[in-house]
Structure formats: C-alpha cells, structure tokens
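Me: I'd like to learn how to read a structure like this one, feature by feature. Could you walk me through it?

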Amino acid sequence: MSKELNLWLDDLLKDIKIIQFKRKNSRRVRIDIAPEALPALLELLQGRASYVHLSAISCVDWIEDDEFELVYHVWSYETNSLVSAHTRISREPGVYLSVYDLYTPAAFFERDIHEMFGLYFEGSPDMEKFILTEWNGPPPMRKDFDSEAFVNQTFNWEEYHPQWLKDIEAEGGGITTRPEDVR
Amino acid sequence: MNELDKIPVRQEISVAEGNVKRSNPLANVFDELVRFCQSRSMFMLHYCTGCGAIELPPAMTSRFDMERLGIQPMVTPRQADILLITGYVSVKTLKRIILTYEQMPSPKYVIGICSCTVNGGMYWQSYATAKVLKEYLPVDIYIAGCMPRPEAVISGLRDLMGDIKSGRADNWKRYFQNYDHYLGNQQQLFGEDWQTPTDIIAEAEHYGLMTDQTLGEHTALLQKHQQPLEALEFSLGEKREKIQGENPREKNNE
Ligand code: SF4
C-alpha cells in the first residue's frame, strides 16, 4: 500500500511543472518549489498522502544571493517517508506566509526563525521573543551579524600566560606537554 | 551578654587577611576543628548549565561516590555551601547564577567545572555565552577539561576541602569586599538597571566586610536605579485566554 502511494505521489509530483522533484532514496524526497506554491503543496501532501507531521522548518541565509531558503520537513506515517520542501524568498523585506493553519507546530518554528533571522511570518499567532528574551541586538543567525566582532567588543578574555604561570615556570614547573608538542 | 561575646566563634572573621593563625593556641585548635568539620560536610548546589553536567551523576552516585567525602547534593541555595557551575554560562543563565549565589549563606564556595567557565571554551565565539566566570563572581576552584572526568571533579573537590581545612578558601569574602568591581562587570553585561533582590551592601556590613572597594560608582548607579521589590503578578490563566482568543484556527471554525 505505502509503496503504491509513494509511486503514485512521485508520478504526480514529477508532472507538476513549477517544482523540481528529486527522490533521494525510498524514505527521502527533496522538492524545490516557488514560494507562492508552497502552501498548496503542503496542503496536498497533508490531505492526500497523510504527511501529517511537520518535524521542522529550517532556514538558511544565502547572503550572496540576497535570499533566505526555507526548508519544510514533513513526515508521513503512511508512506514512511520524509519530504523536504525547499523554497527561496528574497531577504528584503523578508516576509512570508505562515503555515500555522495547516500545521500547528509551525507556530514555534516560525517564532524561532523570526527571532534568529528576522524573517516575518504573516498569520503566525505569536511573533514575540522566544528564547533570546534578553537580547536587544540584531537577529544573530543572519550572516551579516559578525558574532566574533561582537564577542571581542563585549567580553574580556582570560590571560593565556599569566604571571603566576610564568613564576611557576621560572622554578622549573608549569605545563609539561604543550599543545604544539602533541600536534 | 558580655560573657557570650567572648566566645570566639565570630572571631573567625579576623582570620581573613592572610594571618590564619591566632595567637591564642586554644583558639587555634578550635578554629581548626571548625574548619575540619566544615570541610567534611558540604552541601552542593549543582547548577547544571552546560554539557559538563553529564559527569556529575557518576561522580555523585555509586561509581565514584562523592558522599564518601561528605559532599551531598542539595536542592536549594539557602541550604548549600558549594555552587557548582557545570559548563558554559549563557548571559541569561548568568543572571540566574548571580541570583542563586547571592541567596546562599556564607561561607560559600564556587566551583567552575569545564573550560567554558574559564575562558568561553569552544563557545568563545558565541554571542550568547559569558566568557570569564570569575569576572562576575569569585570562583574558588576551576576544574578544566572538556569535560572533566569524575576523577577530576572529585580531585577538584578534594582541593577545595584542603583549602577550607587550611583556611585559605575565603573567596566568598571578596564578593563583599570588592562588590563594586563585580557589580560593574554585571552592569556592563546586563545593563545599568540590573538589580538583585539581595542587599549585598547590608550583608557586607553584617559580616563586617566593608572595605573602600565595596562601594563605588557602580553601586551608586545601582542605588539610583534600584526599585523596591514587589511580588510578581500571577497571571497564567489570563494570558492563556488571550492567546486562545487570537487563535486563527478557532476563528476559521466559527
Ligand atoms: S567545556 Fe566542553 S563539556 Fe564543558 S560546557 Fe564547555 S563545551 Fe561542554
């Protein structure tokens, strides 16, 4: 049964012109789709092939292309396979549709992406701060946020070769095996 | 009343500045006994902040058995003497650590387990973690490693016991003596209006540990921004109703 459904689904998806379909193995499918058509695809998958489990939405910042890539991972218990639907939207203004009406857990993933990438989801129930409640800087997972510069500006560092260690070394002690000796 | 004052219990404070031994040999014996007892009965609050926490269950339970050293886990800061910080400390967590630390009764000891507490460890580049723990609280012992094995944890705890026994473990006093320094670092990270419910300055007076480093520009800033504490509003029910009202699904169903 599940084999048949898979074949049937593959045929159907290959026929649709606006998407790129690639079956990686019996349990994984990659689909590249235009942002306008993504909700429709998810609805089709959920309704017709029981892809009822949205396991994650991931986001990638392709700063050179000026685009965000969103990946919706949906799992079906009927066909035992995972569909990853990839779509790209432009970085500016960075607004996309929420799929909360199809998958309730999307609320959390979207809220998280909004916080980390600054991408806004229209129709998502809550776009408040989620984990970084005490963070006032720019969305930190965007590629244009320089984490290293921020760290160097905000924090001090422990000294690597402090005076007390030099004193010990002067007496003949100290670190016996240096990292350079091992590598 | 006068008689009671002569009992040398509180005199321990004068032991603070390096001169561990007192002139009266009998008092010395007494101090040593107190410190010995202290070092053999410690209650440990483990603040499991990072991955290093995973080494604590074997260190505490039957395999390596910390209890044979007299160290027991404790569930509340009010009844603990050791604060064990096990791993990377995010800025959000650091706030909670400071609140916890300030609630512990003195004498109190802080142990930083893992390289992350020393210098940021492998999260040195992360925007979210605080790097050098001892800038924000006085740390008694660091146990380096990513992550340190239970043997290392236990050997670190034995070092701490040795320090307590010989009277060298008095870093907790530094928090009161240099409060302005620690508060300044905290304010730099958390913003100017950072405040905790514990009145450290009053406690420093109580312990007789006021120095000219206790008060300064940062404590002045604290007093300027300080707001009296109020009980938190308990509004879980209302909030839930509000969110449900905004649920687009329910609207669609109507
Ligand atoms: S030192 Fe290593 S084990 Fe410890 S908290 Fe950091 S990353 Fe985790």
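Me: Which residues are around the ligand?

Reply: A residue is near a molecule if one of its heavy atoms lies within 4 Å of it. Here, the residues around the ligand are Cys51(B), Gly87(B), Tyr88(B), Cys114(B), Ser115(B), Cys116(B), Met122(B), Tyr123(B), Gly145(B), Cys146(B) and Met147(B). Before we go on: this is a predicted model, where local features need pLDDT of at least 70, side-chain atom pairs count only at pLDDT 80 or more, and totals for chains, interfaces and linings use all residues. Residues are numbered from 1 along each chain as its sequence is written, chains are lettered from A and ligands numbered from 1 in the order in which they are written, and side-chain values use heavy atoms, with hydrogens and water left out.

Me: How many residues of the shell around the ligand are nonpolar, polar and charged?

Reply: The classes are simple: Ala, Val, Leu, Ile, Met, Phe, Trp, Tyr, Cys and Pro count as nonpolar, Asp, Glu, Lys and Arg as charged, and the others, Gly among them, as polar. The shell around the ligand has 8 nonpolar residues, 3 polar and no charged.

Me: How many residues do chain B and chain A bring to their contact?

Reply: Contact means heavy atoms within 4.5 Å. Chain B brings 23 residues and chain A 25 residues. The area buried between them (accessible area, 1.4 Å probe, lost on being put together, summed over both parts) is about 2,000 Å², and carbon and sulfur atoms give 50% of that.

Me: How many salt bridges are there between chain B and chain A?

Reply: Side chains of opposite charge can pair when their charged atoms come close. A salt bridge is a side-chain nitrogen of Lys or Arg within 4 Å of a carboxyl oxygen of Asp or Glu. Between chain B and chain A the count is 3 salt bridges. One of them joins Glu158(A) and Lys134(B), at 3.2 Å from N to O.

Me: Which element of chain B gives the most to the side that touches chain A?

Reply: Helices (H or I, at least four residues) and strands (E, at least two) are DSSP runs, numbered from the N terminus. Elements giving two or more residues to that side of chain B include helix 4 (91-103), helix 8 (179-190) and helix 12 (248-253) of chain B. Helix 4 of chain B gives the most, with 4 residues. By class, that side of chain B divides into 9 nonpolar, 6 polar and 8 charged residues.

Me: Is Met66(B) buried or exposed?

Reply: Buried means under 20% relative accessible area, exposed over 50%, partly exposed in between (1.4 Å probe, protein chains only). Met66(B) is buried, with a relative accessible area of 1%. Met66(B) sits in the loop between helix 3 (56-60) and strand 2 (71-73) of chain B. Not counting residues up to four places away in sequence, Met66(B) touches several residues, among them Met44(B), Ile71(B) and Val153(B). Met66(B) and Val153(B) are 87 residues apart in sequence and 9.5 Å apart in space, C-alpha to C-alpha.

Me: What does the salt bridge of Glu69(A) and Arg30(A) tie together?

Reply: The side chains of Glu69(A) and Arg30(A) meet at 3.9 Å, N to O. Glu69(A) lies in strand 4 (residues 67-76) of chain A and Arg30(A) in strand 2 (residues 28-32) of chain A, so the pair ties together parts 39 residues apart in sequence. Glu69(A) counts as buried at 6% relative accessibility, and Arg30(A) counts as partly exposed at 24%.

Terms used
Buried area is the accessible area (1.4 Å probe) that two parts lose on being put together, summed over both.
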